[in-house]
Amino acid sequence: MNALIQDVRYAVRQLLRGPGFAITVIVTLALGIGANSAIFTIFDQVMLRTLPVQKPKELVRFEWTGAYSGSASSFGGDTGNYFSWPMYKDLRDRNTVFAGILAADRSSVGISWHDQAENKDAELVSGNYFDVLGLRPALGRLMTVSDDTAKDANPVAVLSYDYWKTRFTAAPDVAGKTLLINGHPFTILGVAPEGFHSAIGGYTPGVFLPVSMSDIAMPWTAPRKDLTNHQSIWLTLVARLKPGVTAQQAETTMEPLWYALRAQELTGYRTVSERFKDKFLNHTHLFVKDDSTGFNPERQDLRMPLLVLMGMVGVLAAMCAVNVATLLLLRAAGRVREISMRYALGAARSRIVRQLLVEGAVLGVCGAIAGVVLSPLIASVLVRIISNVGDQDQTPYTASVDLRVLGFTLLLSVAVTLAFSVAPALQFIRPRLAESLRQSSGTASKRSQLFRKIAVGFQIALTVLLLGGAGLFLRTLSNLRGQALGFQTAHVLSWQVDPTLAGYGDDRTAQVEMNVLDEVRAIPGVLQASGTTDPEIAGNQNGSNFTVQGHVAPEEEDMNFEIPCITPGYFATLRQPLLAGREFTAADVKGAPRVAVVNLTFAKRFYGTPQNALGRLIAEGGGSDVKLDTTIVGVVGDVKHQNLRDTPRGTVYRPYLQQTLPGGMELYALTDQSPETVESMIRERIHRLDSKLVVYQMRTLDEQMDISLANERALAFLAMSFSLLALLMTAVGLYGVLAYATAQRTREIGVRMALGAQRSAVVMLVLREMALTAVIGVAVALPAAFAISRLLTSQLYGVQPGDPLTLAACVGVSAVMVVLAAAIPARRAASVDPMLALRSE
Amino acid sequence: MSQNIIEIEQLTKVFYTDEIETHALSGVHLTIGRGEYVAMSGPSGCGKSTLLSIVGLLDTPTSGRYTLNGKEVANLNFSDRSRIRNQEIGFIFQSFNLIGDLTVAENVELPLTYRSGMPASERKKKVQEALERVNMAHRMRHYPAQLSGGQQQREAVARALAGSPSILLADEPTGNLDSKNGEAVMKLLQELHAEGSTICMVTHDPRFAAHAERQIHLFDGKVVAEGEMTQLLAEV
């Protein structure tokens, strides 16, 4: 123990006596370990962490496959993740393997409390939600089955813990009080437990409301979220397995019930062909999947970028270890006599190895501590990027370090420390004592010089790999940003107003929205103003089945189209090209002939050309008895609607004013100057119209595009940061190796110059030292970069994996780094005074 | 048990570099008795430092026998040689070989820390005694860089003495010192010999070799002359 303390004391003293070296090593380790901890912080939260509920491993969720016809509303993922309310009730009441099944859906509601209104995320939940999750209230009581009975009969709410803390200032008497949800009074039952956000992963609602209140919570979606309709699917189902039952057993057990329920559901379809019936009944399956981490459709989007980033920081950690090993070996070269002397004095090998490991461990501990301090800073950048702008107070992700992250950091630090400490320890396993002790200065063995060259070559190879990845992500981001969307984002401002927050009934919502648009149009500098129920580049997808006159759709044909409801002037506001016919006008209201504008994809698919589409009839819904009541009056160009990678799908635009209870809109204003300049005027005009109207989510369409590109930006930004860091580390390692090698060859250089060598020849001598290493490193890296980049295909856009231009640029950047790192040692070598060099021996 | 601490018979050492064989030692015979003070001299490249390295177990012979304190040590493994060096041999080098990051006291204590089972209090006591013996106790908290060359070599002598070795091996101990400090170190070695220490010193300087009671002269890897100083001087 005494000896160990001595080793630690000696190691600390060495650090203090060589602060430059210590700082270089600790900063290198801090960056490598900090980057890993930061990415793991987010990776853990998104991918690994279980829901903070009772026995999360018992939770499963349902997913189905099979034919379907009806309306589907989702917040992400396939339709197969969603169920109708009647199906939910049947599954819940007729199974034998689950302790309980809950249903949930996401929504956004207007909440008024103490005359202050705001828009807030809400979760519509079945009455047994908290019971199935095994949660206890932080205050009051939680919702029970008795709170979710008849439709519209249960105006009760449970507050989330965070919302209660912030909006209700953690008031202890909040239970039993009333707040307004979309203008309707709801009684607060209690507060959900601290740390629990939602059964839906990554979602942070402010309130939990009973599903039975969906008409009030989501009035505009009421037709598509009908509690009695089997063909209206919109709910996520989560179940708790009975003790001892596995997910696989449950899936097998549920099979007969699922088929029986499908058969029962089929009876509700008005007209079906035999083929559809066969597909509906015989080609269907209900899956029971692990849900311990909570269903999170965004997880799929984040999974690959996070895996890529974990891979990149893993490479960075390996580079850190190699880099520090190289620096330690350089220092060890100057310690050959010291270590030999220790051996001469009788130190056993194990003792020397232990001492070198302790020295490495002290550096590792300092680096790990600095890394843990740095980690939240890097993680907060990532959280900021992946969280939607404006919603950062609602982000479920935190940048703070917890025990799991600390554990990961500890393991990583031990691995990195062992990796970089072993190299100098190995160097002294078989010392040549007599020779080392006689030399006037210690020098490194040929073996360690070779190791250093290999290490630098390895770092150059990894740098090319990282630069290759980062280059592809940068080009992807650039391609996504630079592509034609089908509409113009410049000078367009978007925002929302929820009239129900100001006490307007659902029947008056549309009129208030139109009044808002009139006010905005009157603002100087506003060229156009309009709105849509289905905003662009916001991840929204609202579809419905259509019947097209003259087109007999085969059973398997997808007749589901996007259905935005828009106001007059919408296409002019977004400068979306009108290819044929006309825009909607103020005359397209309820009672007037039903009209629609379709996009180019729709027109070409059914009519060949835009012109041919004009005057044709279509109808929402299917079946032989559907009434073709809507006339196509215009055709517009295709747009990227859901996101920037979207492939245009058939779209049927309908007049907002022709809809019954059309609900809230995303409003747009086209300005002749910077849109930010009219923000305050828009707020002022709306406030003047009605001071109770709250404007929220006001941002430019360019900002909206940034939000849509959050994952790509995070990936490109972090990948480039890590690559530059790797480049810097390699440059430091390369410089160190070359500087040492040059110093070792001072006499040789002196001799060469005494014999007439030019300075340029000496520079070449130094550069040649690393040129071969660099060439081998790049030669190894290029095929590896090509192979690995194929794994990134799903993350790329408009650029092929192994893109030669990108790889060539990476090699170019690496070559510049090699030359720059070699420049100082080469210059120093060229300035050697032959007389001094020869005399120094 | 023999009175000889070191008995070497027919010792050879061959270095192989690429295809070249260099015979550094060729059939050396040597004995050093307990309490003797032996100087090894000879021209550069004669093999004296190689012989001292083998005697000090820093290197191994190619062939021959080497007995240290009655134990055959020519073919010991690295670990056993380390242990015997620690317990039986004290080194004094031309370039001192002090560790710059350790204080004077810590440098002297270093060989004792490699000896298992010695309590810290005993180590401190031995360090104190060794430093007092070389008149360096007042400098124990200094670092080597803060000492003069002569003081550094006295510190190295203290380090060699601290473990109470059977023999002190000195390789050109005055090589890096001026004449005054060189004389002081030689005087110190003489005092140690007078107190009973066995010393084997390599030097190429006849003035310093004259301090020893027996001198061995090497040439081309062989002992070519050996005898009491008085006898050798008489022959000269």
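The domain bounds used here come from an automatic or database domain assignment. Keep in mind, too, that this is a predicted model.

**Exercise 1. Find which domains chain A is divided into, and how far apart the C-alpha centres of domain 2 and domain 4 of chain A lie.**

Solution. 
- Step 1: Chain A consists of domain 1 (1-49 + 298-444), domain 2 (56-292), domain 3 (445-480 + 709-841) and domain 4 (499-693).
- Step 2: Take the two centres. Between the C-alpha centres of domain 2 and domain 4 of chain A there are 29 Å.
- Step 3: Look at the contact. Domain 2 of chain A brings 16 residues to it, and domain 4 of chain A brings 18.
- Step 4: Name the elements on the domain 2 side. Strand 3 (98-113), strand 4 (116-125) and helix 8 (274-282) of chain A each give two or more residues to the side that touches domain 4 of chain A.
- Step 5: Sort that side of domain 2 of chain A by class: five residues are nonpolar, nine are polar and two are charged.

**Exercise 2. Describe how chain B touches chain A, and work out which helix of chain B gives the most residues to its side.**

Solution. 
- Step 1: Count both sides. The contact takes 24 residues from chain A and 21 residues from chain B.
- Step 2: List the contributors. On the chain B side, helix 1 (48-55), helix 2 (78-88), strand 6 (89-93) and helix 3 each supply at least two residues.
- Step 3: Pick the top one. Helix 2 of chain B gives the most, with six residues.
- Step 4: Sort by class. The side of chain B that touches chain A holds nine nonpolar, eight polar and four charged residues.

**Exercise 3. Explain why the buried residues of helix 4 of chain B line one face of the helix.**

Solution. 
- Step 1: Check the length. Helix 4 (residues 120-133) of chain B has 14 residues and reaches 20 Å from its first C-alpha to its last, close to the 20 Å expected at 1.5 Å a residue.
- Step 2: Find the buried residues. They are B:Arg123, B:Lys126, B:Val127, B:Ala130 and B:Leu131.
- Step 3: Look down the axis. The buried residues of helix 4 of chain B fall within an arc of 130 degrees, so they line one face.
- Step 4: Recall the general rule. An α-helix has 3.6 residues a turn, so residues three or four places apart point the same way.
- Step 5: Turn to the other face. Away from the buried side, helix 4 of chain B carries the exposed residues B:Ser121, B:Glu122 and B:Lys125.
- Step 6: See what covers the buried residues of helix 4 of chain B. The cover includes helix 3 (104-113) and helix 5 (149-162) of chain B.

Note on methods:
Residues are numbered from 1 along each chain as its sequence is written. Chains are lettered from A and ligands numbered from 1 in the order in which they are written. This is a predicted model: local features need pLDDT of at least 70, side-chain atom pairs count only at pLDDT 80 or more; totals for chains, interfaces and linings use all residues. Helices (H or I, at least four residues) and strands (E, at least two) are DSSP runs, numbered from the N terminus. The expected span of a helix is 1.5 Å times one less than its number of residues. A residue is buried if 20 or more other C-beta atoms lie within 10 Å of its own, exposed if 12 or fewer, and partly exposed in between; C-beta atoms are placed from the backbone. The arc is that of the directions from the helix axis to the C-beta atoms. Two residues are in contact if their C-beta atoms, placed from the backbone, lie within 7 Å. Ala, Val, Leu, Ile, Met, Phe, Trp, Tyr, Cys and Pro count as nonpolar, Asp, Glu, Lys and Arg as charged, and the others, Gly among them, as polar.
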